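Work through the exercises below with the sequence and the model side by side. Each task is followed by a solution in steps.

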Amino acid sequence: MTDTDSTRRFTDRAENYARYRPGYPAAVLECLRDECGLSAADVVADVGSGTGILTDMLLANGNFVYAVEPNEAMRQAAEAVLAHYPGFVSVDGRAEATTLADNSADWVVAGQAFHWFDAAAARQEFGRILRPDGYVALVWNARAYESDALMAEYERVLGEFGIGYTTVTHRTHAGDLATLFANGHEFRSFAHQRPLDFAALWGGFLSLSYAPQPTDPHYEAMRAALAAVFERYQTDGHVTFVYETHLYFGRL
């Protein structure tokens, strides 16, 4: 898949992404405040900002945020809900070419996006836009499929129906972290859970870049498989989705 293709993968998924993807636990910002001195006065470039999930969290913290996103549908979804923040600036750009000015940000962050970047080119671009002693922070909500039966079943459905799942999951891109953080980085993990009814479970599934869409011949079988998993584990019409939120941070 080319870089151009990767920026378009979410065009048909923006609505589900904005509606059903999870946020991040407050512990992420608390950690960055305590360990790196993140303050409301800091300027942040949220790169690969998507529909603005992490951007929203930073704006609520008082930060001025450049939301850098190459996909128009995702960018417009963020603009629709975040335009009321005075510190929000939507930017048509990408990790390797943000269009931001030199030394214009105290932080570069990426939520659920770094595995789409060219790590070497992103490192060069982040170094250009960061001010001296600026930080980079990467965050993912990783499904806790090794420690929870529901999550293991969900992962099985992904493995059966996900298109190219094993090649696009962030778990296969650990080597890129070493390229970006050539001088080392810190890692923290936080527990994160949320209750979901089937509509939210299904909508979140459809927001994944590797989930078949309605025109795919496996679409109905995929829905049936996920519905069966839901029925097996639901209580009062909800299941508990379990994540481990992974945070990587450091200076370049």
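Predicted model: local features only at pLDDT ≥ 70, side-chain atom pairs only at ≥ 80, totals over all residues.

**Exercise 1. Confidence**

Task: State the mean pLDDT of the chain and find the stretch where pLDDT is below 50.

Solution. Step 1: the chain has a mean pLDDT of 89, and 90% of its residues reach 70 or more. Step 2: the stretch below 50 is residues 1-5, which has three contacts in the model beyond near neighbours in sequence.

**Exercise 2. Helices α10 and α11**

Task: Classify the packing of α10 against α11 and list the residues that make the contact.

Solution. Step 1: helix α10 covers residues 198-206 and helix α11 covers residues 219-233; their axes come within 11 Å and cross at roughly 135°. Step 3: the crossing of the two helices is right-handed. Step 4: α10 contributes Phe-198, Leu-201, Trp-202, Phe-205 and Leu-206, while α11 contributes Tyr-219, Met-222, Arg-223, Leu-226, Ala-227 and Phe-230. Step 5: sorted by class, the contact of α10 with α11 holds ten nonpolar, no polar and one charged residues.

**Exercise 3. Helix α7 against α10**

Task: Find the angle and axis distance for α7 and α10, then name the residues that meet.

Solution. Step 1: α7 spans residues 149-161 and packs on α10 at an angle of about 40°, with the axes 12 Å apart. Step 2: α7 is therefore oblique to α10, and their crossing is right-handed. Step 3: Tyr-154, Val-157 and Leu-158 of α7 meet Leu-201, Gly-204 and Phe-205 of α10. Step 4: the contact of α7 with α10 divides into five nonpolar, one polar and no charged residues.

**Exercise 4. Helix α7 against α11**

Task: Determine how α7 and α11 are oriented to each other.

Solution. Step 1: the axes of α7 and α11 come within 10 Å and cross at roughly 175°. Step 2: the two helices are therefore roughly antiparallel. Step 3: among the residues that meet are Leu-150, Glu-153 and Arg-156 in α7 and Ala-225, Val-229 and Arg-232 in α11. Step 4: the contact of α7 with α11 has eleven nonpolar, no polar and three charged residues.

Technical notes
Residues numbered from 1 in each chain as written. Heavy atoms only, no water. pLDDT = per-residue confidence, 0-100. Contact = heavy atoms within 4.5 Å. Axes fitted to C-alpha atoms, helices over the stretch in contact; angles between N-to-C directions. Helix = DSSP H or I, 4+ residues; strand = E, 2+ residues; numbered from the N terminus. Parallel < 35°, antiparallel > 145°, perpendicular 65-115°, else oblique. Left-handed = near helix turned anticlockwise from the far one by under 90°. Nonpolar A, V, L, I, M, F, W, Y, C, P; charged D, E, K, R; others polar.
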